[in-house]
Amino acid sequence: MNALLLRDLKLAIRAGGGFGLALAFFLIVVTLVPFGVGPDTALLSRIAPGILWLGALLACLLSLDRIFALDREDGSLDLLATAPIPLEGVVAVKALAHWLTTGLPLTLAAPGFGLLLNLAPGAYLWLTLGLALGTPALSVIGAFGAALTVGLKRGGLLLSLLVLPLYMPTLIFGAEATRRGAEGIAASTPLALLAAISLFAVALLPFAAAAALRVNLR
Amino acid sequence: MELKVSGLACARGGAILLEGVSFALAPGQALVLRGPNGSGKTTLLRTLAGLQPPVAGEIAVAPESMAYAAHADGLKPTLTVAENLAFWAALHGRRSMATALEAFELTELAGRMAQNLSAGQKRRLGLARLLVTGRPIWILDEPTVSLDATAVALFARTVRAHLAEGGIAVLATHIDLGLPEAETLDLMPFRARPAAGAERSGFDEAVE
């Protein structure tokens, strides 16, 4: 399992691996928003929690189809399926590698991006905490979607259509936690719900994704 | 360990291709599957390797004892030869890959990126992976595609060494493998009759 995690991380930072792509995309989205809505700092500050979470969501989506599609193309997926580790473990490790290369950097960089949107000072802690608790769910749900669409040629668009609705609860509670932080209200309830969604996804979806992979490998 | 297959039927895309395939291989034996394109060689091998369930029949060996190698070699272009092989070795809980590199004369290429290899070198690396899995039964689909005569001889030597250690190999091919001692199994007698055609409803006509 460690070998698979190390290989995926190594592939991500090698040429064309896509590491940093999500961060750069997040930065561009956040930079474009003030151009779109105008330089009204009060307005920006009000919409910042929603924009930051939307940006993180879309940035995460960008690299999802790489989780299994590349391994399928070069035949590694067949070989992983016959390897001595269970397919459920393969899915979990690949989702973890995806989180380490997208979710974690996004979480660490988000406070800096908040500055660009004039996020209220009280919200930074809750934004970071929320992303740390919420992004694992994005990676695992994404891995499930990628497993469902792995056999399809150019399944990227279908993957987005499948996965984005499933991201909705994470978006709602994540943005809510940040908004509450900005207004100085207690934000522990939406954070607890975010953590619950992530735990639920991590516990169940690797099994569903492995089942989908088995069907797609036939 | 003996590979015993009885009454196996396998399907691809919902259509049954082969029925009643039975054979038994003792340690040290190799079996070459023969048949024209589309006769079900790949489907049979994938079923043996446990990648798809059989429609009927039985395979009396756990899929964990089989090492599968297909048309795609499972190589990552941005990893070196040694890194590619080390990954599969670690996944199968093994450390040493020096003998595998040597067997296919890849030692000098160990530091090269897989994307800079020729097709034949990639194939050799894909076959070297079999040695690091340490599994007794090799399931090989067209193993000698894009190999030159020297490399085919290397491959034949490696398969012989594997058989001499009590291994088993099942190979699908329609070109010469340099393994005259291997038994052959012609798949034509096992081809399923297209009896399902009679049951088709009118809705399928547009698909045909």
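At what angle do helix 6 and helix 10 of chain A pack, and how far apart are their axes? The angle is about 115°, and the axes lie 8 Å apart.

## Model and numbering

This is a predicted model: local features need pLDDT of at least 70, side-chain atom pairs count only at pLDDT 80 or more, and totals for chains, interfaces and linings use all residues. Residues are numbered from 1 along each chain as its sequence is written, while chains are lettered from A and ligands numbered from 1 in the order in which they are written.

## Helix packing in chain A

Helix 6 covers residues 87-116 and helix 10 covers residues 188-217. Helices (H or I, at least four residues) and strands (E, at least two) are DSSP runs, numbered from the N terminus. Axes are lines fitted to C-alpha atoms, for helices over the stretch in contact; angles run from 0 to 180 degrees between N-to-C directions.

The crossing of helix 6 and helix 10 of chain A is right-handed (the near helix is turned clockwise from the far one by less than a right angle). Helix 6 of chain A contributes Leu87(A), Glu88(A), Val91(A) and Ala92(A). Helix 10 of chain A contributes Pro206(A), Phe207(A), Ala209(A), Ala210(A), Leu213(A) and Arg214(A). Contact means C-beta atoms, placed from the backbone, within 7 Å. By class, this contact has 8 nonpolar, no polar and 2 charged residues. Ala, Val, Leu, Ile, Met, Phe, Trp, Tyr, Cys and Pro count as nonpolar, Asp, Glu, Lys and Arg as charged, and the others, Gly among them, as polar.

## Fold of chain B

Chain B has 5 helices and 8 strands. Their order along the sequence is β-β-β-α-β-β-α-α-α-β-α-β-β. The radius of gyration of chain B, taken over C-alpha atoms, is 18 Å, close to the 17 Å that the globule rule gives for 208 residues, so chain B is as compact as a globular protein of that length. That rule is 2.2 Å times the number of residues to the power 0.38.

Strand 1 (residues 3-12) and strand 2 (residues 15-25) of chain B run antiparallel, joined by 7 bridges. Strands pair if DSSP finds at least two bridges between them. Ala11(B) stands opposite Ile16(B) of strand 2. The hairpin has 2 residues between the strands, and Gly13(B) takes a positive phi near 60°.

Notes: Two residues are in contact if their C-beta atoms, placed from the backbone, lie within 7 Å.
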